[in-house]
Amino acid sequence: MNIIQGMRLSKIRILLIAVVLAVAGLLVSASQIAPAGAATAYAARGGGPKPAIVLEHGAWADGSSWDGVIQRLQADGYTVYAPPNPLRGLANDSATLSDFLKSLTGPVIVVGHSYGGMVITNAAIGDQNVKALVYIDAFIPAQGETAFGLTAAQPGSCVGSANAFLAVPYPGAPAGDFDTYLKIGPDLPYPGFAQCFANGLPASQAAMLAATQRPIAFSAGSDPSGIPAWQTIPSWSLIGAADHVIPPAEQLFMSKRASAHITEINSGHLSLISHPGAVTRVIIAAAQATG
């Protein structure tokens, strides 16, 4: 190879490297377009930063039940947190979430699923950063009400019988308290985990959720709720018309009482898993309306 050929090859290599770097730069820029564009659009509507979204799971579940919702919110440029709910009792669970909320700065939208609705109602009281409460197939309690009482307020709940639960002792439990799991198989009148808690989901997915469920202390069901945050914070509610855990009629009553913006869909109790797009749209509507 002569000197001239070597110089030509070197120039070609330099040009190739430049092209690669340019393409890489374009890819990085493109990856930033969606969140940056979403943030710009939000700022144009509300004139402030996007609120953080805090997701509180309920009983017999964990933070992974929000996976589909989290993916969609993050793709739209939101900062999302799904802290674990201890499920040790309403006072303890609410204090835990309240402390977490106090660690955040700026506006916050707090979302609760099922029993998580009890928790956010109590945790957000007096927190000036919380701009909206979003209830997903959830309890929306008034002062003094309990999860057990609200479940039985209208007919139709599949967890209204003691046959639904497997009782397991836990270390340090107060006298008479224990962990409750939902039984996997049926024990009439309880129809089994798949038909009760996970109706509308594929059988394989319901089986996985049953195997990985997190128990809740039995006492949490009889703990009275405090002054409700929804009295001073705007609220939104999504109701699954095929919910077998919290009767839809009771969800509608609680939602209207709280003057919530109501969305009804054809879903079971786990709409956050079966219909994450619909759930996400309700959360974003709350964020945009209060931003």
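Predicted model: local features only at pLDDT ≥ 70, side-chain atom pairs only at ≥ 80, totals over all residues.
Local features need pLDDT of at least 70, side-chain atom pairs count only at pLDDT 80 or more, and totals for chains, interfaces and linings use all residues. Residues are numbered from 1 along each chain as its sequence is written, and side-chain values use heavy atoms, with hydrogens and water left out.

Helices (H or I, at least four residues) and strands (E, at least two) are DSSP runs, numbered from the N terminus. Two strands count as paired if DSSP finds at least two bridges between them. Strands of a sheet pair through backbone hydrogen bonds, either parallel or antiparallel.

An open sheet is built from three strands in the order β5-β6-β7. Its pairing is antiparallel. Strands β5 (165–168) and β7 (216–217) are the edges, and each pairs on one side only. Two bridges link β6 (residues 179–182) to β7 in the antiparallel sense. D179 stands opposite A217 of β7.

Strands β8 (residues 235–240) and β9 (residues 261–265) run parallel and are joined by five bridges. W236 has H261 in β9 as its bridge partner. From β8, the chain passes through helix α8 (residues 248–257) to β9 in a right-handed β-α-β crossover. Right-handed means that, with the strands pointing away from the viewer, the path from the first strand over the helix to the second runs clockwise.

Accessibility was classed by relative accessible area: buried is under 20%, exposed over 50%, and partly exposed in between (1.4 Å probe, protein chains only). Contact means heavy atoms within 4.5 Å.

S271 belongs to helix α9 (residues 271–274). S271 is buried because its relative accessibility is 0%. Neighbours within four places in sequence aside, S271 contacts I136, D137, L238, I265, P276 and V279.

T151 lies in helix α5 (residues 147–152). With a relative accessibility of 11%, T151 is therefore buried as well. A polar atom of the T151 side chain is 2.7 Å from the backbone oxygen of A147. Beyond four places in sequence, T151 is in contact with F139, S157, V159, V245 and P247.

P191 sits in the loop between β6 and α6 (193–196). Its relative accessible area is 32%, so P191 is partly exposed. P191 and C158 are 33 residues apart in sequence, yet their C-alpha atoms are 7.1 Å apart in space. P191 touches C158, P186 and C196, with residues up to four places away in sequence not counted.

Definitions and conventions:
Polar contact = N/O pair within 3.5 Å; in protein donor to acceptor, adjacent residues only side chain to side chain.
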